[in-house]
Amino acid sequence: MASKVLRAVVLGPPGSGKGTVCERIARSFGLQHLSSGQFLRQSLHGGGEVGVLAKQYLERGLLVPDHVITRVMMTELEKRRAEHWLLDGFPRTLGQAEALDRICELDLVISLHIPFETLKDRLSARWIHPASGRVYNMEFNPPHVHGIDDVTGEPLIQREDDKPEAVTARLRKYKDAAKPVIELYKSRGILHSFSGTETNKIWPYVYALLSNRIPPLRSEEEH
């Protein structure tokens with residue numbers, strides 16, 4: 001493990017493969033994969049003040065606003081001041097990025113660029129297990145039984161914003177919110193962008209970048 005604590009972020013639109021890239025980085029380099037979606041689900045089940053607030057938005061089918069998700073994330077990051085970590089799904093907006101600045105300095109930001117049509121196809125084929133956040137893709141990662149979660153046997157759902165008619169608006173909204181965040185990290189010289197249609201083709205370049213910052217625990221070939 002490197003002597004300096006490494007703080008990294010993976011940015012990318014919905015369907016870009018952020019979660020997959022983060023899991024591979026976590027396994028290969030020993031960074032903690034911190035997912036904003038996972039922390040949000042935990043806060044919902046925890047029943048605290050922030051969880052109750054978040055639930056009110058989610059039950060109405062609304063995005064959880066900046067101040068709520070920021071409180072969730074700041075609480076979790078405060079507990080991990082001495083640890084290497086990798087953020088997935090946060091920051092999504094300039095306000096969130098500014099909040100993150102107040103508690104730490106990032107070393108590395110990875111931005112994934114995937115063609116619009118690829119994202120549209122991936123999202124429209126995506127189904128999830130609501131309780132765990134497990135994601136399936138009906139084209140390249142389907143469940144063993146159609147419509148059923150592999151682990152629990154519970155039904156899968158397609159989120160309203162993954163339905164084809166909602167995807168275009170969702171991607172446009174992400175792009176508008178992410179643009180100033182990307183510009184901020186670019187101006188600091190810590191942004192590294194990777195483009196492609198397949199995670200497997202992007203991964204070797206991400207692996208090479210990280211290898212220059214922190215010793216790998218596993219070789220790239222193990223993936």
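Both faces of strand β1 are covered in this predicted model: Arg 7, Val 9 and Leu 11 are buried on one side, and Ala 8 and Val 10 are buried on the other. The structure also holds two aromatic pairs, and Phe 29, Trp 203 and Tyr 207 form one aromatic cluster. A further topic is Arg 170, a buried residue of helix α7.

- Strand β1 spans residues 7–11, and five of its five residues are buried, so the strand is largely enclosed by the rest of the structure.
- In a regular strand, side chains alternate between the two faces of the sheet.
- In β1, one side carries Arg 7, Val 9 and Leu 11, while Ala 8 and Val 10 are on the other.
- Strand β3 (residues 85–88) pairs with β1 in the parallel sense, over four bridges.
- Within that pairing, Leu 86 of β3 is the bridge partner of Ala 8.
- Strand β4 (residues 108–113) also runs parallel to β1 and is joined to it by four bridges.
- Ser 111 in β4 stands opposite Leu 11.

**Aromatic cluster**

- The structure holds two aromatic pairs.
- The ring centres of Phe 29 and Tyr 207 are 5.3 Å apart and the ring planes are at 45°, so this pair is tilted.
- Phe 29 belongs to helix α1 (residues 18–29) and Tyr 207 to helix α8 (residues 199–211), so their pairing ties together parts that are 178 residues apart in sequence.
- Phe 29 and Tyr 207 are both buried.
- The rings of Trp 203 and Tyr 207 have centres 5.9 Å apart and planes at 65°, so this pair is edge-to-face.
- Trp 203 and Tyr 207 both lie in helix α8, four residues apart, which is about one turn of the helix.
- Trp 203 has a relative accessible area of 2% and is therefore buried.
- Tyr 207, with a relative accessible area of 10%, is likewise buried.
- Tyr 207 takes part in the tilted pair with Phe 29 and in the edge-to-face pair with Trp 203; these residues form one aromatic cluster.

**Arg 170**

- Arg 170 is found in helix α7, which covers residues 164–187.
- The relative accessible area of Arg 170 is 17%, and the residue is buried because the cut-off is under 20%.
- At 3.4 Å, the side chain of Arg 170 reaches the backbone oxygen of Asp 161.
- Leaving aside neighbours within four places in sequence, Arg 170 is in contact with Pro 14, Leu 123, Arg 126, Arg 159, Asp 161 and Asp 162.

Notes: Residues numbered from 1 in each chain as written. Predicted model: local features only at pLDDT ≥ 70, side-chain atom pairs only at ≥ 80, totals over all residues. Heavy atoms only, no water. Phe/Tyr/Trp six-rings, centres within 6.5 Å; stacked < 30°, edge-to-face > 60°. Helix = DSSP H or I, 4+ residues; strand = E, 2+ residues; numbered from the N terminus. Buried < 20%, exposed > 50% of the residue type's maximum accessible area, 1.4 Å probe, protein only. Polar contact = N/O pair within 3.5 Å; in protein donor to acceptor, adjacent residues only side chain to side chain. Contact = heavy atoms within 4.5 Å. Pairing = 2+ DSSP bridges.
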